[in-house]
Amino acid sequence: MCTTKHARHRSNYQIDAIQECEELILPLAIADALGGEGMADPFEMRCIECARVHDMTRPAYVCSSCGNLLEITMDRAAALERISKINMKARPISVWRYRELIPVGNSSRILSLGEGGTPLVDCRNLAGRLGMKSLRVKFDGMNPTGSFKDRGMTVGITKAKELGMKTVSCASTGNTSASLAAYAGLAGLKCVVLIPQGKVALGKLAQAMMHGATVVTIKGNFDQALDMVMKSSGRLDMYVLNSVNPFRIEGQKTASFEICDQMGGRSPDVLYIPVGNGGNSAAYWKGFAEYESLGLTKGLPVLRGIQAEGAAPIARMFETGASELSPVMKPDTVATAIRIGNPANWKKTVKAVKESKGSVSTVSDKEILGAQKDLARLEGIFAEPAGAAALAGLVKDLKAGAIDRNSNVVCVSTGHGLKDPDVALSQSARPRTIEASLDALQKLLEGT
Ligand code: F0G
């Protein structure tokens, strides 16, 4: 529990000032124990297309030569040397358990809210219902702000401070803005978020506002908001923390490391994951591939990316065999988190999914809402609609006979259901009102 003393110190939120908060001692202990002196840096920032190396000490998102996105590459030998000196698995499971595999400076102050270490739920009821041997759900809605974004944001904000930035920004369908706002507050940075008007779930909006971000709604969709954020970053000196930022991906890849550790050093056979802007699916693949190359897990999963029917430009590519993305101009789905028509990371995700020998396909809103209810009623997992899309994809594949029921399957549930109370309420029966008497209660129960 955080002490009152801690609460009084909230003006300085850096990790050394929050030691009294027991949940946060562990990441701090990890950072301190590392030292890191004398170790070769295994990381470089490169263009995903032309492989040109870019300076990691400056803010950058796209290649200055060809305009494609940047990624962080890891030299295997140098990474092996780094991890040979420590026992990662002796540390508590969390994003920063994997500190040596995350590209932030050795002396950087890690800004953490205790993210990661989310449950890999063994879903026996669902497995039984679906006739599967086993089914696990990685419930990343259990992160500090209720979505997987926190994994990327702890790394991205740590990097923003390292770069000396004063303002951070993002476009968002909701979760990124909630997460960024929280971490920007922690870091003492100004935060500007652009969201599509009227299409952001209430909980997410409340979070961004409560954490003190400047929240701007634009008369347009997410894709237009992201375009504005990217174009304004230089002029307004704002560090962009959408998933086009390669450091975000480095935090998010830790979910795969965790899954492998939680499965006793092996990877799932198949991983179902929702796809919006395409950052998280690319991050998961990067995580599995790096962990496997370092000998820390056995095998690699097939990735099954899932998009909502009304916002499925990447699924269409797989369906038609097209090599270029055709944006969906008016994306629409009940899963507002993945209501994206022009995914910025499409190249990264298509490459990742193909390397895994997987594919991207669609589910309907009805299938998403059905899966959301099943997760809530059978497993106690309250996911927001996008966080149920992966399960909806699995159910659809099972019905089509497209997956072996004995496979070791993990579905990623990306965000918490409390984020979107409107959708949850609209799906559920209203509470019944009775007189305050036992007779009235008995009558009601006998009638149900
Ligand atoms: N699930 C949830 C709950 C999300 O919030 C998002 C993306 C995704 C899945 C898709 O991940 O974009 O990496 O493919 N939300 C972003 C946002 C776009 O602004 O919060 P992706």
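**Reading the pockets, the cavity and the ligand site**

Guide: Let's begin with an open space: the second largest pocket in this structure has a volume of about 420 Å³. This is a predicted model, in which local features need pLDDT of at least 70 and side-chain atom pairs count only at pLDDT 80 or more, while totals for chains, interfaces and linings use all residues. Residues are numbered from 1 along each chain as its sequence is written, and side-chain values use heavy atoms, with hydrogens and water left out.

Visitor: Which residues lie nearest the centre of the second largest pocket?

Guide: A pocket is an open set of points on a 1 Å grid over the protein atoms alone, with protein on both sides within 12 Å along at least five of seven lines; lining residues have an atom within 4 Å of a point. Here 18 residues form the lining, and L226, M230, V244, N342 and A344 lie nearest the centre. Helix 8 (222–235) and helix 13 each supply at least two residues, and the largest share, six residues, comes from helix 8. Helices (H or I, at least four residues) and strands (E, at least two) are DSSP runs, numbered from the N terminus.

Visitor: What is the volume of the largest pocket, and what lines it?

Guide: The largest pocket has a volume of about 500 Å³, where a volume is the space filled by probe spheres set on grid points joined across faces, edges and corners. Its lining has 24 residues, with E71, W285, K286, K351 and E355 nearest the centre. Strand 3 (70–74), helix 9 (246–252), helix 11 and helix 13 (346–355) each give at least two residues to this lining, which divides into twelve nonpolar, three polar and nine charged residues.

Visitor: How many cavities does a search of the whole structure find?

Guide: A cavity is a set of points where a 1.4 Å probe fits but cannot get out. The search finds two of 30 Å³ or more. About 320 Å³ of space lies in the largest cavity, and of the 28 residues that line the largest cavity, F148, K149, G276, N277 and A337 are the closest to its centre. Helix 11 gives the most to this lining, three residues. In all, the lining holds nine nonpolar, 16 polar and three charged residues.

Visitor: Where does the ligand sit?

Guide: The ligand sits in the largest cavity, meaning that more than half of its atoms lie within 2 Å of the cavity's grid points. Helix 6 (175–187) and helix 11 (279–293) are the elements that give two or more residues to the shell around the ligand.

Visitor: Which residues are closest to the ligand?

Guide: A residue counts as near if one of its heavy atoms lies within 4 Å. By that rule 21 residues surround the ligand, the closest being S172, T173, N277, N280 and T414. The shell divides into seven nonpolar, twelve polar and two charged residues.

Terms used:
Ala, Val, Leu, Ile, Met, Phe, Trp, Tyr, Cys and Pro count as nonpolar, Asp, Glu, Lys and Arg as charged, and the others, Gly among them, as polar.
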